[in-house]
Amino acid sequence: MSTIIEVSHVYKAFGGLSVLDDCSIKVEEGSITGMIGPNGAGKTTLFNIIAGNLPLDSGRVRFNGEDITNMPANELFHKGLLRTFQIAHEFSNMTALENLMMVPPRQLGENLFHTWFKHTEVRQQENDVRQRALEVIDFIGLSHVRNELAGNLSGGQKKLLELGRTMMADARVVLLDEIAAGVNRTLLGDLVANIERLNRERGYTFLVIEHDMDMIARLCDPVIVLAQGHVMMEGTIEEVRNNPQVIEAYFGAPTE
Ligand SMILES: Nc1ncnc2c1ncn2[C@@H]1O[C@H](COP(=O)(O)OP(=O)(O)OP(=O)(O)O)[C@@H](O)[C@H]1O
């Protein structure tokens with residue numbers, strides 16, 4: 001396996017508060033890497049930096065060997081580095097299927113020139129996008145609600161739809177930030193199964209922040225533990241669970 005994401009010596013402070021302090025991680029291509037850590041450890045801040053949503057103070061981020069430090073999110077999107085976001089407000093009045101059809105970059109139909117002069121080509125591309133969206137919605141198990149407004153979907157169904165949107169964009173690496181939160185166990189099972197399938201069948205690499213340890217245990221290897229802005233350890237879930245330092249970081253110093 002080769003390294004697909006490499007974060008080297010990243011520092012980030014908000015005002016006087018140091019949040020990431022000499023933080024370095026590597027994510028191997030084809031892995032489902034977990035990231036855990038106590039509240040306020042800096043996990044989401046690190047995600048925001050990798051995904052181009054937040055500038056860092058110093059350090060470097062590489063994606064597939066290319067320096068992407070402080071590269072904007074839309075450029076990273078085109079390169080296949082994506083994070084899932086909650087369905088934006090303006091998309092909640094579109095159907096689940098339409099939400100998928102909105103994703104592909106550089107749709108010919110969005111360009112007036114093409115709309116006027118290349119009707120056939122535009123129509124062909126719209127058909128292709130629709131076909132792809134139908135396949136994706138089938139893959140994520142939401143065919144039965146494809147014509148529902150996205151805003152009316154349940155929390156878990158919205159998470160599945162977010163995952164589906166990454167499939168429309170042909171992701172290579174997907175950053176998942178606490179997708180289990182508020183999702184019922186049945187849909188969580190679907191979500192986990194879909195992540196595993198995307199990893200196995202489509203070669204997606206995942207970096208997953210999660211507080212749900214069952215989900216981490218089922219999905220992730222390796223697991224990175226972040227504490228106070230730097231990596232405390234990395235290992236299998238068993239190694240992490242049995243590490244006294246990790247136990248102390250989560251539950252405080254053991255009482256004598
Ligand atoms: N935009 C911001 N401005 C100021 N402080 C911030 C900002 N974003 C995060 N912080 C602070 O940075 C620290 C790390 O926050 P972060 O959200 O990265 O932690 P986390 O590990 O994701 O926590 P949790 O598990 O609770 O989501 C916290 O103390 C937080 O208050």
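How many bridges join strand β3 to β9, and do these strands run parallel or antiparallel? I looked that up first: three bridges join β3 (residues 32–36) to β9, and the two run parallel.

**Ground rules**

I number residues from 1 along each chain as its sequence is written. This is a predicted model, so to speak of local features I need pLDDT of at least 70, side-chain atom pairs count only at pLDDT 80 or more, and totals for chains, interfaces and linings use all residues. The pLDDT is the predictor's confidence in each residue, from 0 to 100. The protein averages 88, and 88% of the residues score at least 70. For the model I also noted ipTM 0.97 and pTM 0.87. A reminder to myself: where pLDDT is low, the predicted coordinates should not be read in detail.

My helices (H or I, at least four residues) and strands (E, at least two) are DSSP runs, numbered from the N terminus. Two strands pair if DSSP finds at least two bridges between them.

**The six-stranded sheet**

I followed β3 and β9 into their sheet. Six strands form this open sheet in the order β6-β7-β8-β3-β9-β10, with mixed pairing. At the edges I found β6 (81–83) and β10, each pairing on one side only. Neighbouring strands here are turned by 20 degrees against each other on average, direction ignored; axes are lines fitted to C-alpha atoms, for helices over the stretch in contact, and angles run from 0 to 180 degrees between N-to-C directions.

On to the next pair: β9 (residues 223–227) and β10 (residues 230–235) run antiparallel and are joined by five bridges. There L226 has V231 in β10 as its bridge partner. The hairpin of β9 and β10 has two residues between the strands, and Q228 takes a positive phi near 50 degrees.

A cis peptide bond joins D221 and P222, with omega about 5 degrees. Most residues other than glycine have a negative phi, and most peptide bonds are trans. With that in mind I also noted N70, which has a positive phi of about 60 degrees although it is not a glycine. I placed N70 in the loop between β5 and α2 (73–79).

**The four-stranded sheet**

This open sheet has the order β2-β1-β4-β5, with antiparallel pairing. Since β2 (17–28) and β5 (66–67) stand at the edges with a single partner strand each, one side of each is left without a neighbour in the sheet.

I then went through two of the pairs. β1 and β2 pair in the antiparallel sense over eight bridges, and V7 has I25 in β2 as its bridge partner. Their hairpin has two residues between the strands, and G15 takes a positive phi near 60 degrees. β1 (residues 3–14) and β4 (residues 58–63) are antiparallel too, over five bridges, with S8 opposite R60 in β4. Helix α1 (residues 43–50) packs on the sheet, touching β1, β2 and β4, and its direction makes about 120 degrees with that of β1. Contact here asks for C-beta atoms, placed from the backbone, within 7 Å.

**Around the ligand**

Which element gives the largest share of the shell around the ligand? I found α1, with three residues. The ligand is surrounded by F14, V19, G37, N39, G40, A41, G42, K43, T44 and T45, where near is a C-beta atom, placed from the backbone, within 6 Å. By class I have three nonpolar, six polar and one charged; Ala, Val, Leu, Ile, Met, Phe, Trp, Tyr, Cys and Pro count as nonpolar, Asp, Glu, Lys and Arg as charged, and the others, Gly among them, as polar.

**α6 against α7**

The axes of α6 (residues 155–168) and α7 (residues 185–202) come within 9 Å and cross at roughly 10 degrees. That makes α6 roughly parallel to α7, on a scale where angles under 35 degrees count as roughly parallel, over 145 as roughly antiparallel, 65 to 115 as roughly perpendicular and the rest as oblique. G156, Q157, K159, L160 and L163 in α6 meet L187, L188, D190, L191 and N194 in α7. I sorted this contact into five nonpolar, three polar and two charged residues.

Conventions. Contact = placed C-beta atoms within 7 Å.
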